[in-house]
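User: I am new to this structure. Please show me how to read its features, one at a time.

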Amino acid sequence: MDQSQVILRAFENEDIRELHRWLNDPVSIAMVGRAPMTYEQTVKHVEKKRNNGDLVLAIENEEHKLIGWIFLQNIEYEHGRASIGILLSPEGRGQGYGLPAMQQMVEIGFNQLRLNKIYLTTRAINEQAVGLYKKIGFIIEGQLRKHAFSDGQYYDTYFMGLLASEWNVKCL
Ligand SMILES: CC(C)(COP(=O)(O)OP(=O)(O)OC[C@H]1O[C@@H](n2cnc3c(N)ncnc32)[C@H](O)[C@@H]1OP(=O)(O)O)[C@@H](O)C(=O)NCCC(=O)NCCS
């Protein structure tokens with residue numbers, strides 16, 4: 001099968017209603033470990049990211065349907081690093097859209113923003129996310145033991161990183 005294709009574009013205020021639905025999906029609550037959010041909290045969440053200077057983009061599939069968002073946050077140019085986050089709609093998951101979306105954002109981070117390192121944290125139990133990140137080339141740099149708490153349990157967190165030199169070598 002051909003690789004799924006996505007389009008990244010600016011995340012608009014009209015997209016917040018959908019984002020609110022995705023954030024409150026039980027799987028994303030369990031995997032991201034965030035409490036359910038009201039629509040107003042979601043609006044504030046987006047405003048905060050914009051005020052922080054995060055690069056926030058919407059993900060559309062081949063039919064221009066909005067299927068997720070992706071962002072570079074904690075952008076620190078003096079260190080040449082930023083962290084990356086992604087959330088797909090419940091309907092958009094498991095179809096190979098995460099891979100091209102992450103690849104495009106990593107490409108922007110390294111070859112347009114000139115970052116040296118992109119990193120992320122994820123729950124170790126999130127096999128789908130860890131599998132995707134490994135496929136892109138992220139390496140587990142550390143396992144933070146019992147680092148997150150939700151639903152009466154502590155969960156391990158992986159710290160994963162990818163260097164520009166690793167990415168650009170891979171793309172030659
Ligand atoms: C995590 C997420 C971004 C993954 O994107 P996706 O497009 O749904 O990913 P896919 O299911 O297409 O899988 C991508 C790759 O990961 C790997 N993978 C998927 N499920 C896996 C599993 N259960 N175990 C190991 N690897 C797995 C595979 O290599 C797969 O590629 P392949 O099918 O071509 O071999 C998306 O499912 C999502 O938004 N989930 C909810 C929110 C979330 O968990 N966000 C991340 C928080 S850190």
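This is a predicted model: local features need pLDDT of at least 70, side-chain atom pairs count only at pLDDT 80 or more; totals for chains, interfaces and linings use all residues.

User: Which other residues have a polar atom at a listed distance from an oxygen atom of the ligand?

Analyst: Y97 and K135. For Y97, a polar backbone atom is 3.4 Å from an oxygen atom of the ligand. For K135, a polar side-chain atom is 2.4 Å from an oxygen atom of the ligand. The cut-off for a polar contact is 3.5 Å between N or O atoms.

User: How much of the ligand's accessible area does the protein cover?

Analyst: On its own, the ligand has 940 Å² of accessible area, and the protein covers 71% of that.

User: Which residues come nearest to the ligand?

Analyst: There are 20 residues around the ligand, and L88, G94, G98, Q128 and K135 come nearest.

User: How do I find empty space in a model?

Analyst: A probe the size of a water molecule is rolled over the atoms, and this shows where empty space is left. Here, the largest pocket has a volume of about 1,200 Å³. Its lining has 46 residues, and V32, I86, N126, A129 and Y133 are the closest to its centre.

User: Which element supplies the largest share of that lining?

Analyst: Strand β4, with six residues. Several elements each supply at least two residues of the lining, among them α2 (26–32), α3 (39–51), β3 (66–76) and α5 (127–136).

User: How many residues of the lining are nonpolar, polar and charged?

Analyst: The lining of the largest pocket divides into 20 nonpolar, 20 polar and six charged residues.

User: Next, accessibility. Is S28 buried or exposed?

Analyst: Buried means under 20% relative accessible area. S28 has 5%, so S28 is buried. S28 is placed in helix α2. The S28 side chain reaches the backbone oxygen of W22 at 2.6 Å.

User: Why does V56 count as buried?

Analyst: Apply the cut-off again: V56 counts as buried because its relative accessibility is 13%. V56 belongs to strand β2 (residues 55–60).

User: How do I compare distance in sequence with distance in space?

Analyst: Take two numbers for one pair of residues. V56 and A10 are 46 residues apart in sequence, and their C-alpha atoms are 6.8 Å apart in space. Now take E18 and Y39. In sequence they are 21 residues apart; C-alpha to C-alpha, they are 9.9 Å apart.

User: Where does E18 lie, and why does E18 count as partly exposed?

Analyst: E18 is in helix α1 (residues 16–23). Partly exposed covers the range between the buried limit, under 20%, and the exposed limit, over 50%. E18 has 24% relative accessibility, so E18 counts as partly exposed.

User: Last, backbone angles. What is noted about phi of H64?

Analyst: Phi of H64 is near 65°, which is positive, and H64 is a residue other than glycine. H64 lies in the loop between β2 and β3. With 53% relative accessibility, H64 counts as exposed.

User: What is phi of D151 near, and where does D151 lie?

Analyst: Phi of D151 is near 55°, a positive value in a residue other than glycine. D151 lies in the loop between β6 and β7 (153–163). The relative accessible area of D151 is 75%, so D151 is exposed.

Notes. Residues are numbered from 1 along each chain as its sequence is written. Side-chain values use heavy atoms; hydrogens and water are left out. Helices (H or I, at least four residues) and strands (E, at least two) are DSSP runs, numbered from the N terminus. Buried means under 20% relative accessible area, exposed over 50%, partly exposed in between (1.4 Å probe, protein chains only). On a 1 Å grid over the protein atoms alone, a cavity is a set of points where a 1.4 Å probe fits but cannot get out, and a pocket is an open set with protein on both sides within 12 Å along at least five of seven lines; lining residues have an atom within 4 Å of a point. Grid points are joined across faces, edges and corners, and a volume is the space filled by probe spheres set on the points. Ala, Val, Leu, Ile, Met, Phe, Trp, Tyr, Cys and Pro count as nonpolar, Asp, Glu, Lys and Arg as charged, and the others, Gly among them, as polar. A residue is near a molecule or strand if one of its heavy atoms lies within 4 Å of it. A polar contact is a pair of N or O atoms within 3.5 Å; within protein, one must be able to donate a hydrogen and the other to accept it, and residues adjacent in sequence count only if both atoms are side-chain atoms. Accessible areas come from the Shrake-Rupley method with a 1.4 Å probe; for residues, only the protein chains shown count as cover.
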